[in-house]
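Here are my notes on the model. Please read them with the structure open.

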Amino acid sequence: MDVVHNLLDGFGSALVLQNLLLALVGVTIGTMVGVLPGLGPATTVALLLPVTYVFDPIGAFVLFAGIYYGGMYGGSTTAILLNIPGETASVPTTLEGHPMALKGRGGAALATAAIGSFVAGTISTVGITFLAPWMAEVGKLVQPVEYFAILVLAFVTVTSLVGDSVVKGLAGLFLGLAIGLIGIDNLTGQPRYTFGVADLYDGVELVALAVGLFAVAEALYSASRMRNRPAEAVPLAGKVWMTRDEWRRSWKPWLRGTAIGLPIGSLPAGGAEIPTFLSYNLERRLSKNRKAFGHGAIEGVAGPEAANNAAFSGTLAPLLTLGIPTSATAGVLLIAFQIYNVQPGPLLFETEPELVWTLIASLYIGNVMLLVLNLPLVKVWVKLLAVPRALLTPAILVLATLGVYAIAQNVTDVAFAFLFGALGFLLRRTGYPIAPMVLGAVLGPLLETQFRRAMSFAEGDWTVLLSRPVSASILALAALLLVGPVLLRRRTTGKSAASRT
């Protein structure tokens, strides 16, 4: 009953007029920016991160919750009408959603994506409501050795599943870890990687890092492709709704996608990529008409979109209870927590109960707002796809520059934002994923702290990492996830070569 009582208190705070307006503004802006090609949820949150400085922490995170959900909803529009997935998790949506749009059924694809996201978002938020406090209690029992192992597992999971190369993922991860080590060492008091720059003694400004790697890098990447003819959106004909048969074919995939996405997303090493592809493969196997897949099967949109939304919602559980983000978007949200001097973790529900429960309550409210906004106004959002790149790119750069400067009024931070933007652009052009780098930079100091605590308790004996059953099992799983994809690719390549000969 404590959970219900706390949730009601959260609704009491979330239903205040100011917070309601912030939630509405958040879902509107999030959807609007998320619809624009190439701007996924992570970029949306990073770009608008400096805007929240004028609010108190509760109001800021209500706005963030709206932006977070709005960015997820908006990504399905570009995936279906432009065949451009905002993130890796949106790839299954393009496989069936875009063929549906080409056949004049884009309205049905957008409708099943919106309603499926609402169903999955509501169910997963209910799950978070009751799961997160339990995870927080369990988190209190986690020792530094196990905490270090969990962080390693989170790093490995994101590194091995994002992008097409484990080596590139590891390169991005270690680069992020190096960035996270910049500043004064808390144990020895010695500066590390500062190169005599006084502004680096406190470490890299995380807002500059997030805005640079996502917003500035996206603007530069878009500018580099200015000469290429931009993809044209498929015209949206007819009503944005589904027939009775499409409803019948969608409701089970919604539930199955939610059942896959929520538990995987809630794991400390979860994420949205695995559940969306699992959902797509499951729907293809269960479908009575498998031949329709690849040519516009509505089940292939309903299931993955539900799994995607449920997994994205589920990532809030390890973020709030353990302070571990399992996606780039969650990493940016962790940066937002740190900006307001709030440390997510097992004690968050005790130290900041009003903030946590208002945030959870705002997820329910934002989910309803998004459904009301998306279905009637989807044709308005589609018109945003016609915004010329020549206008969009400089607008992003101006907003990024003003946002970073407004926080500390420091030109150095602006310079670092553009430096990280150039780095992010190079990584994207060469196929290196950015998510491992962000998680490495944000969680690197925490990883170092937990490792030092573990070594201190074990009096320098590193074998304690392998002698304790829980940490040894987690590290073994991490090693399997790191090596497994490499062996699987080699086996697949070998079979392909053998079949050609």
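1. Residue classes first. Ala, Val, Leu, Ile, Met, Phe, Trp, Tyr, Cys and Pro count as nonpolar; Asp, Glu, Lys and Arg count as charged; the others, Gly among them, count as polar.

2. Ground rules. This is a predicted model, in which local features need pLDDT of at least 70, side-chain atom pairs count only at pLDDT 80 or more, and totals for chains, interfaces and linings use all residues. Residues are numbered from 1 along each chain as its sequence is written, and side-chain values use heavy atoms, with hydrogens and water left out.

3. Overall build. The chain holds 21 helices and 2 strands. Both are DSSP runs, numbered from the N terminus: helices are H or I with at least four residues, strands are E with at least two. The C-alpha atoms fill a box of roughly 65 × 60 × 60 Å along the principal axes.

4. Packing. Buried residues make up 56% of the 501 residues. Buried means under 20% relative accessible area, exposed over 50%, partly exposed in between (1.4 Å probe, protein chains only). Of the contacts (heavy atoms within 4.5 Å) with a separation of 6 or more, 79% join residues 24 or more positions apart.

5. Cavities and pockets, defined. On a 1 Å grid over the protein atoms alone, a cavity is a set of points where a 1.4 Å probe fits but cannot get out; a pocket is an open set with protein on both sides within 12 Å along at least five of seven lines; lining residues have an atom within 4 Å of a point. Grid points are joined across faces, edges and corners, and a volume is the space filled by probe spheres set on the points.

6. Largest cavity. The chain has 4 cavities of 30 Å³ or more. The largest has a volume of about 110 Å³. Its lining has 13 residues, and Tyr-73, Ser-76, Leu-110, Ala-114 and Asn-374 lie nearest its centre. α4, α6 and α16 (353-383) each give two or more residues to this lining. By class, the lining has 8 nonpolar, 4 polar and 1 charged.

7. Second largest cavity. Its volume is about 80 Å³. The lining is 11 nonpolar residues, with no polar and no charged ones. Among them are Phe-61, Phe-64, Tyr-68, Leu-333 and Phe-337. α4 gives the largest share, 4 residues. α13 (316-322), α14 and α16 also supply at least two each.

8. Second largest pocket. Its volume is about 820 Å³. Of its 32 lining residues, Gly-180, Ile-182, Asp-202, Gly-203 and Pro-445 are the closest to its centre. Elements giving two or more residues include α8 (166-180), β1 (183-184) and α18 (411-429). α19 provides the largest share, 7 residues. The lining divides into 16 nonpolar, 7 polar and 9 charged.

9. Helix α5. Its 12 residues (91-102) should span 16 Å at 1.5 Å a residue, and the end C-alpha atoms are 17 Å apart, which agrees. The expected span is 1.5 Å times one less than the number of residues. In α5, 9 of the 12 residues are buried, including Pro-92, Glu-96, His-98 and Met-100. The cover over these buried residues includes α4 (57-81), α6 (106-139), α11 (273-286) and α12 (299-314). Just after α5, Gly-104 takes a positive phi of about 85°.
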